[in-house]
Amino acid sequence: MTGMVDRADRFSGATVPLWKNRTARALFYQAVVLGLLVLLTAFFVHNTGVNLAKRGIASGFGFLNGVAGFDISFKLVSYSLTSSYGRALLIGLLNTLLVAAVGVVLATVLGFVVGVARLSSNWIIAKLAAVYVDVIRNIPLLAQLIFWYFGVLSTLPGVRQSIDLLGLFFLNQRGLYAPVPELQPGFGIMPVALLVGALGAVLVSAWARRRQMMTGQPFHSFWVGLGLIVGVPMIVGLIFGFRMTWSFPELAGFNFKGGFQIAPEFIALLVGLSIHTSAFIAEIVRSGVQAVSHGQTEAGLALGLKRGIVTRKIVLPQALRVIVPPLTSQYLNLTKNSSLAVFIGFPEVVAVFAGTTLNQTGQAVECIAITMAIYLVISLLISLFMNWYNRHIALVER
Amino acid sequence: MVDLAHRADEPPPPPESRKPDEPPPVMAVGLLGWARAHLFSSIGNSILTLLALWFLYKTIPPLVDWLFISANWQEGTSRADCVKPGACWTMVRARFGQMMYGFYPVEERWRVNIVGLILVVGVAGILIERVPHKLWIGAFLFLIYPFIAFWLLCGGLGLVPVDTSRFGGLMLTLILAVTGIAVSLPVGVILALGRRSAMPVIRIVTVAFIEFVRGVPLITVLFMASVIFPLFLPEGVTFDKLLRALVGISLFSSAYMAEVIRGGLQAIPKGQYEGAMSLGLNYWKMNSFIILPQALRICIPGIVNSFIGLFMDTNLVLIMGLVELLGIAQASTRDPNWLGLINTALAFVSVIYFAFCFGMSRYSQALERRLAKGRRR
């Protein structure tokens, strides 16, 4: 280490004490940090090993194959009392992904509506939106979830007095009953038709864009695309038959038969998360729209464009550049906040794995590690996707 | 005001014979004019206004009725005393002490009050612009106050000892939030500096910590604090439940604080660093006298925001069996005497949370405007 001297020191010919040499000091600090970290980790690992051995808990992931033996009330794929812990983990993971995906969509739609409403020229609408944002943001999410679950859904009437919505949906203590399509043999042609319609819409929109670039002639590609996506399956269905029947919920004795039941836990979690996140998204949307200088709108109007076009083609694309990065954080927050489901009994990954499985097996380290790893991977994927999207829309300068 | 009706060859009428200006049309000024411009400027807007009014008519009167008019305000001991159909404030009155102090012994609650009073006075001293000696107040709050608070709350040295398992209610909410912020500020500064350090090992360690903690939900951190931390310690060493929650919350908020402070550090122009270095200041002097004072000032709104978030997130310690304000309120509606009053309990705690959080966010907005004043030219 004595040979290590700064260039300046060598130049002056003087030898500087080692502790004043910048490179040596940096190396020393890093060695100390690394050493402490290694020591601390070793200490923790050793203690954990001793503690687990004392409790007779073998470490490792072998327990995932063991029979779970508990039931899960809400599942997307088959699961029974004899399924393994690994299967239970899958159920929890799928539930987390489902609630996050639907929640992100709902929160985005609601957030954009409220954010635009805050900027409305209509005084009462703008004020209502502002109050919505302030109230929602300043009351803890857990209190809101408890409100939706214990305060609203639990006070709904029993099955026999269900609230009837259009004769199709029924709302009661056990959740929401909705009609569900039942697929018949030969249905396979419908998704193909949908795909063809969607492909047609993409082609039309590409052609319209090229034509507008070349000639400046706009084309109502949105409506044509929508027509294709809806129309092609409709025509195919009319010719070959839809091969699909609807199962409607019907009151039979003490419960509903048919249809699809959405658990109250899921509804409460979804409503709570979406409303909570939408208040934050609304603020992001507002600041994004306000960041677009008013001159842009005026220039668009001066060109004789309609207000809708100005908003869609001039203001929104520029606002999105400001909106997308913080929006990513909100999507991540929503996904992470879905873990609060543990308080209202919705079986997502934390409740199933860090809760029930951990309690039954005692495999604390493995259960927590897996749960955390799942969230880390989800976070990583969401931010990768949003960063890709962000690059896609970002302003390209020179 | 040019009168085009007059011909050019005619002399203009003398000023006093001119007709007085017509008042503006009734529909353009006053309440009517305002309503036309802000509520009924177009057909779409009129429909929206009417819908909003209908919505308010459908929600506000029932809410006011439930909260105040048909509410039960009298004292009582069980749900049977709530005879009116509205909110049952009777329950809140009966459980008020618990919601504030948890299960802290009634005759010792004065100690909590003193701790709270010092905190309020100290924080007010820092927040109110005119109070002098802010540095000393801050030093007292960060260095001496924690020990006084610990002694008063937990007892010992002449005071009756109180076990931390009896802490609860708003008091516990504040303990968690204030400790979280007090620990996360310095730790966050260190992590933020580490993240921008030129030393690769330190940078990697801090980045790994920050990204790891920010990538997982607080609940999993609390789960870890409650089931894994005890495993980390040597046999026989136990670890208070409240302390575990504090460690978990502090780790979590430190990572978020680090990112807030990093934002502030990034906003400092390079010239400030160069200026400091050309003065011959070393790394620590440069940061503590030149860079951090400016950076921290910039990120005060961000710090307040993360404090608000932390304040609201403290109720997740319920997962560890600690009952802060929301937990106690919910628990009191599980008491057989007060079953089914969850909405009253939620209304009460929501008002408290709202008052704290809304107050803080408004203060931070005012502060932002005040700090921006110096930069306006």
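How much of the chain is helix and how much is strand over residues 170-360 of chain B? Over that stretch the chain is 77% helix and 0% strand, and its end C-alpha atoms are 16 Å apart. Helices here are DSSP runs of H or I with at least four residues, strands are runs of E with at least two, and both are numbered from the N terminus.

Before we walk further, a word on the model. It is predicted, so local features need pLDDT of at least 70 and side-chain atom pairs count only at pLDDT 80 or more, while totals for chains, interfaces and linings use all residues. Residues are numbered from 1 along each chain as its sequence is written, chains are lettered from A and ligands numbered from 1 in the order in which they are written, and side-chain values use heavy atoms, with hydrogens and water left out.

Let us start with what the record says. An unreviewed UniProt entry lists residues 170-360 of chain B as "domain: ABC transmembrane type-1". The annotation "transmembrane region", also from an unreviewed UniProt entry, covers residues 37-57, 110-128, 135-158, 170-193, 205-230, 295-318 and 338-360 of chain B. UniProt positions are given in the numbering used here, feature names are shortened, and annotations may be inferred rather than shown by experiment. Among these spans, residues 37-57 of chain B are 81% helix and 0% strand, with end C-alpha atoms 22 Å apart. Residues 135-158 of chain B are 83% helix and 0% strand, and there the end C-alpha atoms lie 32 Å apart.

With a relative accessible area of 36%, B:Phe40 is partly exposed; buried means under 20% relative accessible area, exposed over 50%, and partly exposed in between, using a 1.4 Å probe and protein chains only. Not counting residues up to four places away in sequence, B:Phe40 touches B:Ala35, B:Ser46 and B:Thr49, where contact means heavy atoms within 4.5 Å.

Most residues other than glycine have a negative phi. B:His133, although not a glycine, has a positive phi of about 60°. You will find B:His133 in the loop between helix H4 (109-127) and helix H5 (134-154) of chain B, and at 56% relative accessibility it is exposed. B:Leu157 also has a positive phi, near 50°. This leucine lies in the loop between H5 and helix H6 (169-195) of chain B, and B:Leu157 is exposed at 78% relative accessibility.

What about helix packing? Helix H2 (residues 22-55) of chain A and helix H7 (residues 200-215) of chain B pack at an angle of about 40°, with their axes 8 Å apart. Axes are lines fitted to C-alpha atoms, for helices over the stretch in contact, and angles run from 0 to 180 degrees between N-to-C directions. H2(A) and H7(B) are therefore oblique to each other, since angles under 35 degrees count as roughly parallel, over 145 as roughly antiparallel, 65 to 115 as roughly perpendicular and the rest as oblique. On the H2(A) side the contact is made by A:Tyr29, A:Gln30, A:Val33, A:Leu34 and A:Leu37, and on the H7(B) side by B:Pro200, B:Val201, B:Ile202 and B:Val205.

Within chain B, helix H12 (residues 283-298) and helix H13 (residues 300-313) pack at about 60°, their axes 4 Å apart, which makes H12(B) oblique to H13(B). B:Leu296, B:Arg297 and B:Ile298 of H12(B) meet B:Ile300, B:Pro301 and B:Ile303 of H13(B).

A:Ser379 is buried at 10% relative accessibility, and beyond its neighbours within four places in sequence it is in contact with A:Leu332 and B:Gly215.

Finally, the cysteines. The structure holds one disulfide over all chains, a disulfide being a pair of cysteine sulfur atoms within 2.5 Å. B:Cys82 and B:Cys88 form it, with their sulfur atoms 1.8 Å apart. The link is right-handed, with 50° about the S-S bond. B:Cys82 is buried at 16% relative accessible area, and B:Cys88 is buried at 1%.
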